[in-house]
Amino acid sequence: MIALYRRTMRKRADARAVGTDGKRWVRSWINVYRTETEARVPADEGGLGRLIGEGLYSCVGKSHSYNGVQVVPGVTAMMMREGGLTTLSYDPATGTVRVGASVSVRELKTYLRDEHGRGLFNSGNYMEQSVIGALATGTHGFGPRAVMADSIVELTFLDGAGKRVTLKRGDPDFRYVALSFGTIAPIIELVLETKPLEPYVSVSSMSRLSKLDELKQGAIAANWAVMPYTDPEDPVIMLHALAECHEAEKLQAHPEPKGGSGKFAAWVLKRYYALDRFLPALRRPMQRFIDWLDLKQSERVITDPGDLDYLYDPKPGLKENRAPSITRGLFSTTYTGYNLAFFVPLERAPAVVKFIMREADALRDLGFYLKGIISVRELPGTAGPVFAANAHWPVAAIDLFADPRDYAWLERLQRLVMHYEPATRPHFGKSALGPDFCSALDDSHLAELMRIHRQHYPQGRLMFSERVRTMLGVGRPLPGESAADAGFA
Ligand SMILES: Cc1cc2nc3c(=O)[nH]c(=O)nc-3n(C[C@H](O)[C@H](O)[C@H](O)COP(=O)(O)OP(=O)(O)OC[C@H]3O[C@@H](n4cnc5c(N)ncnc54)[C@H](O)[C@@H]3O)c2cc1C
């Protein structure tokens, strides 16, 4: 009761602080990382240029990263999403859109759809983040052109003297800066490629991992979620596959369930999702029951070209306005739990998931439970930015969810996976970042990024997250208040 009251008061105070300068809290999504610091809301580019000349600073988008990459103690936080850098303009000749640092993904998608009948190549499953914040951490969806930053053709940032620097695709430093997780900041504008709006055939299936290859045949995009407490040999999965409409026939689906079994499956799942959130200890028996039912069903939908979230909720309209269904249920965890994610080579995903299931199951006696699904998004093809997850080869994004107080267990699982799969790459807004990622990211590429950073920020005023500083080997972390007060730093 008291905790709920405190949480409500905290949320109200945070809401009141939006758009204001002064001392306030910067919190990561789910509040696992936070700091009280001076905030400034840049009204325009000129104002921002003056502010960054005043002292140490960091940049914050919507502060929705889970891993605290945006939370830097003791420096002035530039609240980019709340500011006045609201450029949005479409160029029909090139099919590109210019977007400012204060624009959200929702605003961008709505503008493109309503005014120009265009859309983004891909996106994450949430739309409130700033476009630039999302692109800076490597936010991705699944299927073709999955990493959003792969669509950037031009970007402009302010250097340490407040001067504009513009880089275009093809410039030598571009592919480093296009996905640079706060080390080049503030980025004030981007130009992105767009695509025409089009419908897809979407098939959502409840099935088994052993059926995955068969069910995703003919798909251009696949996202599967595994129920972690079902049979570790052949777990229950929920697959969402998308195909071009003219390829519709190639996409496999389970036959229509006979009798009442389809309705029964829907009934079980609906109740399961509701209970799953609140009763972690019941999760395993409930998933074992679902495993025993051995439900196999598919749902085929033609997506609405104007639907902003068809990748995550194929039915027309926005998922936030509708009751759970097979696919919708997959993503509710994102909003209620701590989410840690990393990328592994695509062909390794089934083995990695089975490994995580076994490890997590063995931690039950210590009270640790993964939330209801392990999500796997397939990123086929490769992307241009050096630090994109799929810069070298196709990867799978593995998303793990747990209660916020259990987030450290997820870090342990990430580390274990990295022991066996050294090619594991980080999600810059969701992984536990640290030096153990350096070899997968390639030390020489990290050194090149730091060279570019030092070239543009010789004054040393741009600060980025302590974990990123440790990863890049650029000095000790900034002293947070407790370190400073204790005389520890
Ligand atoms: C509910 C939810 C769902 C999500 N779904 C997905 C998903 O489907 N796929 C996925 O990949 N990720 C997903 N994420 C992660 C999220 O997309 C990223 O963490 C993203 O960075 C958040 O954007 P933001 O504007 O909040 O940035 P912040 O968290 O505020 O900042 C992130 C980084 O960007 C830097 N930055 C911000 N603005 C600027 C700027 N103007 N110039 C330079 N650097 C800047 C910050 O310094 C920091 O390093 C999800 C997060 C949430 C909370």
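How many residues surround the ligand, and which are the closest?

A: In this predicted model, the ligand is surrounded by 36 residues. The closest of them are G61, G124, G133, G182 and G429. Sorted by class, the shell comprises 18 polar, 15 nonpolar and 3 charged residues.

Several elements of secondary structure take part in this shell. At least two residues each come from strand 3 (57–60), helix 4 (131–136) and helix 9 (326–336). Helix 4 makes the greatest contribution, supplying 4 residues.

The shell can also be described by domain. The chain is divided into domain 1, covering 94–196, and domain 2, covering 200–433, and each of these provides at least three residues of the shell around the ligand. The C-alpha centres of domain 1 and domain 2 are 26 Å apart. In the contact between them, domain 1 takes part with 23 residues and domain 2 with 27 residues. On the side of domain 1 that touches domain 2, helix 3 (105–116) and helix 5 (174–177) supply at least two residues each. By class, that side of domain 1 has 11 nonpolar, 8 polar and 4 charged residues.

An unreviewed UniProt entry places the feature "domain: FAD-binding PCMH-type" at residues 30–197.

Notes
Residues are numbered from 1 along each chain as its sequence is written. This is a predicted model: local features need pLDDT of at least 70, side-chain atom pairs count only at pLDDT 80 or more; totals for chains, interfaces and linings use all residues. A residue is near a molecule or strand if its C-beta atom, placed from the backbone, lies within 6 Å of it. Ala, Val, Leu, Ile, Met, Phe, Trp, Tyr, Cys and Pro count as nonpolar, Asp, Glu, Lys and Arg as charged, and the others, Gly among them, as polar. Domain bounds come from an automatic or database domain assignment. UniProt positions are given in the numbering used here, feature names are shortened, and annotations may be inferred rather than shown by experiment. Two residues are in contact if their C-beta atoms, placed from the backbone, lie within 7 Å.
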